[in-house]
Amino acid sequence: MVRLPIYMDNQATTRTDPRVVDAMLPFFTEDYGNAASVHAFGQRALEAVDEARAGIAALINVAPREIVFTSGATESNNLALKGGALMYRRQGNHIITTQVEHRAVLDPCRRLERDGFRVTYLPVDRFGCVSPDQVADAITPETILVSVMLANNEVGTLQPVASIGAICKQRKVLLHTDATQAIGKVTVDVESLQADLVSLSAHKIYGPKGVGALYVRRRVRLEPILDGGGHERGMRSGTLAVASIVGFGKACELAGREMPAEAERCRRMRDRLYEGLLDNLDDCTLNGHPDQRLPGNLNLSFVHIQGEALLMAMKNIAVSSGSACTSASVEPSYVLRAMGIRDNLAHSSIRFGLGRFNTMEEVEFTIEEVTKVVRRLRAISPSLALQAPG
Ligand SMILES: Cc1ncc(COP(=O)(O)O)c(C=O)c1O
């Protein structure tokens, strides 16, 4: 028996793993010290933070002291972009990014434009990929920073960040990558990516919400956004969220250990979902790269149907239409638009996000339910009625 409702929106957020919750609890009730205090309570908190820092660093193959804790990837992206731009503005005022970044990259870029920086928003191909050659061509003597995400939150496409990293290193330009959707799902080795700044978030990998990190390469400096007690090597002031950081560390430890098997399991469930829907329904198109994408992501357009209508009709299955973070807006997804997908197809898109706690039984239920609802909605679709003979 499948337990309802089914949560299949793991790119929006994930359930906190019970093992993560267990690891966090003592830091609310017993070990509640401030990690900056010198007494025993503080020391215990600091040890736990150090341990978590080491676990997070190990997952992405960097040194623990290069990890700066933040409140999540939105803050990490803001710190990387604004902090980097302000620190290096004497060397130039040009930033390069892509049209398919998360709003937490695009909006800081827009603000920097208002503050006098020039930003190039590179286009992507129909799979959502940016070309390293285009990055190389866009770099000018004024370029100080390139920001390209590792995995897209809507369509799951993986960007060629290692090739872009080699170009940036050669041209002596800083590279930031938003790895929020990638960690724990695919191997992220910052050394081989040659990235200087990497944004991470705990709640996408079965950790708590409200905590994240920015990897800052040795010798890279950032202008802080928050002024205060000078925590985190002066880059991010504020009392450390010890329990959340411990949870983030535990989530990274579990991800490191369980990722190969989990990624394979998610890929199998995702592929079965896709096959099952294709077998049952005509006019379903895949958005995103056919193989260079996250194992648990499936973004489909169901022609002749509004994604929102499908969402509302499927009361038992939690999925997203477009990006969860912008679901208040009725505009078609800017990511799908940038990929050249027509507005009516973009409007009919649904994102399924499979994760650790999904089962094959849930996938089978979802195939049946989506098939039923799509057939029903198509039977009353005005765009189909217009095409009907007579
Ligand atoms: C690619 C990407 N970057 C940044 C964010 C923002 O992360 P957070 O919720 O930790 O601020 C998200 C979350 O939706 C995301 O998917």
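User: To start, where is P5 placed?
Analyst: This is a predicted model. In it, P5 belongs to the segment before β1, the strand of residues 6–7.

User: And what kind of peptide bond joins L4 and P5?
Analyst: The bond between L4 and P5 is a cis peptide bond, with omega at about -5°.

User: Let us turn to backbone angles. What is the phi of Y206?
Analyst: Y206 has a phi of about 70°, a positive value, although Y206 is not a glycine. Y206 sits in the loop that links β7 (197–201) to β8 (212–216).

User: Is Y206 buried or exposed there?
Analyst: Y206 counts as buried, because 28 C-beta neighbours lie inside 10 Å. The cut-off for a buried residue is 20 or more.

User: What about the phi of D283?
Analyst: D283 is also a residue other than glycine, and its phi is positive, near 55°. D283 is found in the loop between α9 (242–280) and β9 (284–287).

User: Why does D283 count as partly exposed?
Analyst: D283 has 14 C-beta neighbours inside 10 Å, so it counts as partly exposed. That class lies between the limit of 12 or fewer for exposed residues and that of 20 or more for buried ones.

User: Now the ligand. Which residues come nearest?
Analyst: There are 13 residues around the ligand, and G72, A73, T74, N153 and S201 come nearest.

User: How many residues of that shell are nonpolar, polar or charged?
Analyst: The shell around the ligand has eight polar residues, four nonpolar ones and one charged one.

User: You mentioned β9. In what order do the strands of its sheet lie?
Analyst: The order is β9-β10-β12, an open sheet of three strands with antiparallel pairing. The edges are held by β9 and β12 (349–353); each has a single partner strand, so one side of each has no neighbour in the sheet. On average, neighbouring strands of this sheet are turned by 30° against each other, direction ignored.

User: What holds strands together in general?
Analyst: Strands of a sheet pair through backbone hydrogen bonds, and the pairing is either parallel or antiparallel.

User: How many bridges are there between β10 and β12?
Analyst: β10, residues 297–302, pairs with β12 over five bridges in the antiparallel sense. In one of these strand pairings, L298 has F352 in β12 as its bridge partner.

User: Lastly, which strands does α9 lie across?
Analyst: Helix α9 lies across β9, β10 and β12, and runs at about 15° to β10.

Terms used: Residues numbered from 1 in each chain as written. Predicted model: local features only at pLDDT ≥ 70, side-chain atom pairs only at ≥ 80, totals over all residues. Helix = DSSP H or I, 4+ residues; strand = E, 2+ residues; numbered from the N terminus. Near = placed C-beta within 6 Å. Nonpolar A, V, L, I, M, F, W, Y, C, P; charged D, E, K, R; others polar. Pairing = 2+ DSSP bridges. Axes fitted to C-alpha atoms, helices over the stretch in contact; angles between N-to-C directions. Contact = placed C-beta atoms within 7 Å.
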